[in-house]
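Colleague: I'd like to learn how to read a model like this one. Can we walk through a few features together?

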Amino acid sequence: MLLCVRIVGRRWCSDGTDKVRRVTLQWKDEGRIADVVLSRGKKLNVMDERFFKELGEVFEEVSGKKEARVAVLSAEGKHFTAGLDLKAAAEMFFRDAGAVQKAKLAGAAVFGIDASITESGMPAMRAQTLHKLILSWQASISSLANCRVPVIAAIHGKCIGGGVDLITSADIRMCTSDASFSIKETEVGIVADLGTLQRITNIMGQGIVRELAFTGADLGSYRALQTGLVNSIHETQEELNEAAFEMARRIAANSPLAVQGTKEILNYPLDPVVTSGLKNVALHNSAFLKSDDLLKAVLSFIKKQPAVYGDYVVPKTKNA
């Protein structure tokens, strides 16, 4: 018999596993302020399948609580988030890819996948499965933008890849002086597909966005402030959290109908563009994610060696 006991965000099971929650929710100020925390700091708050599930569930709960007026999103640990859990993602992306393809590049052992696996299912069906997965993860990230109340993101340390998808879905961002932001997807052989490319140009200028997206370079806190990604910088994480909750209380003191209506009106002209862009990149990546480039990039990350890519030309999409 498996016995599990929940203790402050953890679920300890008699089989020896530690089922740590990825995202926790507590309520402050008589339920008016949602305190949402990325709670797997020891694992750098990496994003796996459970993370996306819990994130969506938490913000659905926030939206459904009538007393809720504002949410603050912060993180435990040294960094806000290291982004997507690459090894877990590789296992999902390539779980039904051919053994020959995997072995040719690195060997199935790197991914912890049974080397005896054979090509299964039609390519179209595999692409459809991946497409549904991407849409599901997009919906989880979009739960912040779609949340009935404003969401304030308080970022410290590194915010990488999927972390930028996450914070650009928030309404307001503030950070510590040691914070840095990076759109790392091109460094790991993929196109960012969870919302960064669809939302960030409404926050920052096209030039700086393209620089960050094409190079994968880090954006420091002060340049993030100058370019509009964050509203304020604070020296310590404690000062950051104090400032975030002080702003949350100012928002919560205003008319909830007016605040929620203001968010809806601000989102209205952006929603069709963001929604269309998310659908487009989901279709794009469902075809391109199972590529040699992604396998090489993941291997490069695991082995800490530079990846060597082939030369490709992606056909341009013609507008109707």
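Colleague: Where is glutamate 30 found?

Modeller: Glutamate 30 sits in the loop between strand E4 (23-28) and strand E5 (33-38). Strands (E, at least two residues) and helices (H or I, at least four) are DSSP runs, numbered from the N terminus. Before we go on: this is a predicted model, where local features need pLDDT of at least 70, side-chain atom pairs count only at pLDDT 80 or more, and totals for chains, interfaces and linings use all residues. Residues are numbered from 1 along each chain as its sequence is written, and side-chain values use heavy atoms, with hydrogens and water left out.

Colleague: What is the phi of glutamate 30?

Modeller: The general idea: most residues other than glycine have a negative phi. Glutamate 30 is not a glycine, yet its phi is positive, about 60 degrees. Its relative accessibility is 79%, so glutamate 30 counts as exposed. The cut-offs are under 20% relative accessible area for buried, over 50% for exposed and partly exposed in between, using a 1.4 Å probe and protein chains only.

Modeller: Leucine 44 is another non-glycine residue with a positive phi, near 60 degrees. Leucine 44 lies in the loop between E5 and helix H1 (49-64) and is partly exposed, at 35% relative accessible area.

Colleague: Which way do the side chains of E6 point?

Modeller: In a regular strand the side chains alternate between the two faces of the sheet. Here Val70, Val72 and Ser74 point one way from E6, Ala71, Leu73 and Ala75 point the other way, and all are buried. With six of the six residues of E6 (residues 70-75) buried, the strand is largely enclosed by the rest of the structure.

Colleague: How many bridges pair E5 and E6?

Modeller: Strands pair if DSSP finds at least two bridges between them. E5 and E6 have six, in the parallel sense, with aspartate 35 opposite valine 72 in E6. The chain goes from E5 through H1 to E6 in a right-handed β-α-β crossover, meaning that with the strands pointing away from the viewer, the path from the first strand over the helix to the second runs clockwise. E6 also runs parallel to strand E7 (residues 151-155), joined by three bridges, and alanine 71 stands opposite valine 151 in E7.

Colleague: Now helices. Which residues of H7 are buried?

Modeller: In helix H7 (residues 206-215), they are Ile208, Val209, Leu212 and Ala213. They cover an arc of only 125 degrees around the axis, which puts them on the same side of H7; the arc is that of the directions from the helix axis to the C-beta atoms. On the other side of H7, Gly207 and Phe214 are exposed. The buried residues of H7 pack against helix H6 (196-199), strand E11 (219-220) and helix H8 (221-226), where contact means heavy atoms within 4.5 Å. Glycine 216 follows H7, with a positive phi near 75 degrees.

Colleague: And which residues of H11 are buried?

Modeller: Val274, Gly277, Leu278, Val281, Ala282, Asn285 and Ser286. Their arc down the axis of H11 is within 165 degrees, so they line one face of the helix. The face turned away from the buried side of H11 carries exposed residues, including Pro272, Lys279 and Leu283.

Colleague: What is the mean pLDDT?

Modeller: pLDDT is the predictor's confidence in each residue, from 0 to 100. The protein's mean is 84, and 78% of its residues reach 70 or more.
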